[in-house]
Amino acid sequence: MSTTDVRKDWDTYFMDIAYMVSTRSRCSRRHVGAVLVQGKKLLGTAYNGAPMGVPDCSEAGCMISEEYELVVTDGKEEMVKKQRCIRTIHAEQNLLLFTDRIDREGSSVYVTDEPCWTCSNMLANSGITEIVFHRPYPKDTGKVTRMMAQKGITFRKLEQYQPPRETMMTISD
Ligand SMILES: [Zn+2]
Ligand SMILES: [Zn+2]
């Protein structure tokens with residue numbers, strides 16, 4: 001059997017699409033893509049971006065907000081100053097804005113990055129029953145995982161996954 005006979009599994013297939021979608025993002029700090037899947041059908045795609053008609057990060061620069069967050073390294077707690085771009089609507093939130101409730105009932109969301117707390121809260125109330133992500137976002141993992149368990153939403157990380165090479169962004173801060 002040659003390697004061309006190896007078919008992509010569905011997780012890889014939909015996560016690849018999420019990564020392709022993420023390349024549309026114009027934020028130089030973070031490219032996030034999300035897709036809505038019902039069974040094996042693609043029902044929507046979204047990426048992080050400024051509202052339509054408003055200058056985006058490539059035109060107006062990122063809108064940086066500084067905040068302190070608690071980071072635990074080797075059991076030691078430390079407040080670390082972090083910078084985030086707050087110009088964009090997160091991919092998961094755009095996905096909810098551009099899909100219908102009826103399509104979301106019982107659906108899965110594939111998203112390149114582990115959802116933040118706010119997005120997780122909204123996804124938990126959106127009708128979807130599964131979230132599949134790739135890159136970790138440890139800041140909110142604890143509370144997000146607990147909430148998903150309470151809601152009975154499957155929350156899983158693709159461990160063995162490799163994103164398509166052409167979708168990898170170079171971070172320019
Ligand atoms: Zn930005
Ligand atoms: Zn978010």
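Visitor: Among contacts between residues at least 6 apart in sequence, what share joins residues at least 24 apart?
Guide: In this predicted model, 58% of those contacts join residues at least 24 apart.

Visitor: How many helices and strands does the protein have?
Guide: The secondary structure comprises 6 helices and 7 strands. Read from the N terminus, the order of elements is α-β-β-α-β-β-α-α-β-α-β-α-β.

Visitor: And what is the radius of gyration?
Guide: The radius of gyration is 17 Å, close to the 16 Å that the globule rule gives for 173 residues, so the protein is as compact as a globular protein of that length. The C-alpha trace spans about 50 × 40 × 40 Å along its principal axes.

Visitor: What percentage of the residues is buried?
Guide: Buried residues account for 31% of the 173 residues.

Visitor: Turning to annotation, which residues does the UniProt domain cover?
Guide: An unreviewed UniProt entry carries the annotation "domain: CMP/dCMP-type deaminase" for residues 9-156. In the model, that span is 34% helix and 32% strand, and its end C-alpha atoms lie 16 Å apart.

Visitor: On to helix packing. How is a packed pair described in general?
Guide: Two packed helices are described by the angle between their axes and the distance between the axes.

Visitor: At what angle do helix 5 and helix 6 cross, then?
Guide: The axes of helix 5 (residues 117-124) and helix 6 (residues 138-151) cross at roughly 5 degrees and come within 10 Å. Because angles under 35 degrees count as roughly parallel, helix 5 is roughly parallel to helix 6.

Visitor: Which residues make that contact?
Guide: Helix 5 contributes W117, S120 and A124, while helix 6 contributes D140, K143, V144, M147, M148 and K151.

Visitor: What about R146: buried or exposed?
Guide: R146, which is placed in helix 6, is exposed, because 10 other C-beta atoms lie within 10 Å and a residue with 12 or fewer counts as exposed.

Visitor: How far is R146 from D103?
Guide: The C-alpha atoms of R146 and D103 are separated by 25 Å, and the two residues are 43 apart along the chain.

Visitor: One last topic: what is the phi of D74?
Guide: D74 has a positive phi of about 50 degrees, although D74 is not a glycine. Most residues other than glycine have a negative phi.

Visitor: Where does D74 lie?
Guide: D74 is in the loop between strand 3 (64-73) and strand 4 (76-85). D74 counts as exposed, with 4 C-beta neighbours inside 10 Å.

Terms used
Residues numbered from 1 in each chain as written. Chains lettered and ligands numbered in written order. Predicted model: local features only at pLDDT ≥ 70, side-chain atom pairs only at ≥ 80, totals over all residues. UniProt positions renumbered as here; feature names shortened; annotations may be inferred. Helix = DSSP H or I, 4+ residues; strand = E, 2+ residues; numbered from the N terminus. Axes fitted to C-alpha atoms, helices over the stretch in contact; angles between N-to-C directions. Parallel < 35°, antiparallel > 145°, perpendicular 65-115°, else oblique. Contact = placed C-beta atoms within 7 Å. Rg over C-alpha atoms; globule rule 2.2 N^0.38 Å. Buried ≥ 20, exposed ≤ 12 C-beta atoms within 10 Å, placed from the backbone.
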